[in-house]
Amino acid sequence: MGYLEEYNKWLTDPTFDEDTKKELEALKGNDAEIEDRFYRSLEFGTGGLRGVVGAGSNRMNYYTVGKATQGLANYIIKNGTQAKGVAIAFDCRRMSTEFSERTALILAANGIKAYLFDGLRPTPELSFALRHFGCTAGVVVTASHNPPEYNGYKVYWDDGAQITAPRDKEIIDEVNAVDFSEIKLISREEAEAKGLLQVIGKEVDDLYIAELKKLTLNPEIVKEEGKKMKIVYTPLCGTGIVTVGRILPELGYENLYIVEEQKGPDGNFPTLEYPNPEDPKAFTLALKLAEEKDADLVLATDPDADRLGVYAKGSDGKYHSFTGNMSGMLICEYLLDQRKKKGILHADGVLVKTIVSTNMADKVAAAYNLELRECLTGFKYIGEQIKFMEQSGKGHYEFGFEESYGCLVGTHARDKDAPVAVMMLCEAAAYYMHQGITLWDQMLNIYEKYGYFKESLRTLTFKGSEGAAKIKSMMDNIRNNPPKKLGNNTVIEFRDYDKNTVLDIATGKVTETGLPKSNVLYFNMDDDAWICVRPSGTEPKIKFYIGVKGNSFEDAEKKNEVLTNAFMELAK
């Protein structure tokens, strides 16, 4: 069916309500907008849904959310686990409250109990809650760090991690088989009367916070230095205020300053172009407040509080930014060093990272005699590794992180957890302050110890159906014509995760990647350099990850620039 036929179906089919039809009627004559809304069905991918809010098959709305939920319900029933129920959380975004309640009521209509949070909560708390209640699955309504016009729908399974293969494909098949007319729904009153809707809140918060506090390593130092340390924090109008705003004062940090303009939940993000702690512009107000308060740390979490961005003041009095790789390695080094000194580092400990994260992690793992495991991009694969360790009885999870500003300390959740990252980063800062150095000084110490690793990310955006075709064409061209030399670096190994192949350039020998199939290309080069290319799973972008190792900041910066320019020229 073409996009115009689908558009006319939504205008005439009694399945769709009058408000939806009214919104669509207003688009008549705007063919470009109609095509964008209907040229495809919003894809329920391996992580769920994500898209612009609005009417249409390629939008986030009651019907696309309903189809996803009905498909999930059908899958749960086929697996016979409906008695366990499903936990549901949501963030501050437009329609998040409505979509989460609709999800709960569709599940209830299918005889599946829903545990629905009474207000916005961080994504990692959902992961914790579904494990606490013994649920078969979980849903978070969030678009994470996407622009304001987006919302999303992420699905988790009973281990607390987002769905992975083969379950992800099985659920996708169930969702795709659902017709909008087949979506079941009951009223909130009926769901509550049947005991199929339970509102949860503070009792889960208390348990979650208690689990985080168990992870502290130097509580006395925190209390001592917490009297002096100054912290500026912004939740970027999102869910972090619920947990970060609570746990830091409870641990003893007496000088916490929250950016007032970004404190309250607001899905329009009026003071932000882009609610993403990876974007320096997101720190504008926080850095201004930091200058006023002479703060030591400046922290930001994204709207669903699974990512953490960091600035810290150095001995030079300047505020220095930390990438996700940098903050991840800082927390990692502190954790492993302190656990080793306290005799609680596991002999069979495991450090987990994604393939696009810094290779400094390899050096850190070797220094502490840990096994290093690499996963595909996406924290669900790190969470999956925890499950594998528990099931096999081999290996103990020490730490996991990804370059996109996410990490997990502990196993209370199975997704990246910004509240616990904030807690551990502040504890590390307090510990180093106790030693007479700043957090930035310690970052420099880490570079001196392991090498000056430098990573960067470039993206190209191509919207709509033509954009999707362009991204596919670019991936195909790179895949079919892999370079043997890039800038000053020689390609040693070419990995195609979609074909499950690793090509040794020198010998021509082909082996398997050992990881699940994914549309990802990876070039391993000499001198600790690498490049990875993949389409974004949540936005109309193609991403290029570049990593090098230098002898100094300047050397690493220059090497990264040369390699980046060489590859971007090839990509064009």
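Charge first: the chain carries 70 positive and 86 negative side chains, with the centres of the two sets 2 Å apart. Here Lys and Arg count as positive and Asp and Glu as negative, while His and the chain ends are not counted; each charge is placed at NZ of Lys, CZ of Arg, CG of Asp or CD of Glu. All of this comes from a predicted model, where local features need pLDDT of at least 70, side-chain atom pairs count only at pLDDT 80 or more, and totals for chains, interfaces and linings use all residues. Residues are numbered from 1 along each chain as its sequence is written, and side-chain values use heavy atoms, with hydrogens and water left out.

As for the fold, the chain has 19 helices and 23 strands (DSSP runs, H or I of at least four residues and E of at least two, numbered from the N terminus). Its radius of gyration is 24 Å, close to the 25 Å from the globule rule for 572 residues, so the chain is as compact as a globular protein of that length (C-alpha atoms; 2.2 Å times the number of residues to the power 0.38). Buried residues make up 58% of the 572 (under 20% relative accessible area, 1.4 Å probe, protein chains only).

Zooming in, N61 sits in the loop between β1 (48–52) and α4 (62–78). At 8% relative accessibility, N61 counts as buried. A polar atom of its side chain lies 2.9 Å from the backbone oxygen of G56. Setting aside neighbours within four places in sequence, N61 is in contact with W10, G54, A55, G56 and F99 (heavy atoms within 4.5 Å).

Technical notes
Buried < 20%, exposed > 50% of the residue type's maximum accessible area, 1.4 Å probe, protein only. Polar contact = N/O pair within 3.5 Å; in protein donor to acceptor, adjacent residues only side chain to side chain.
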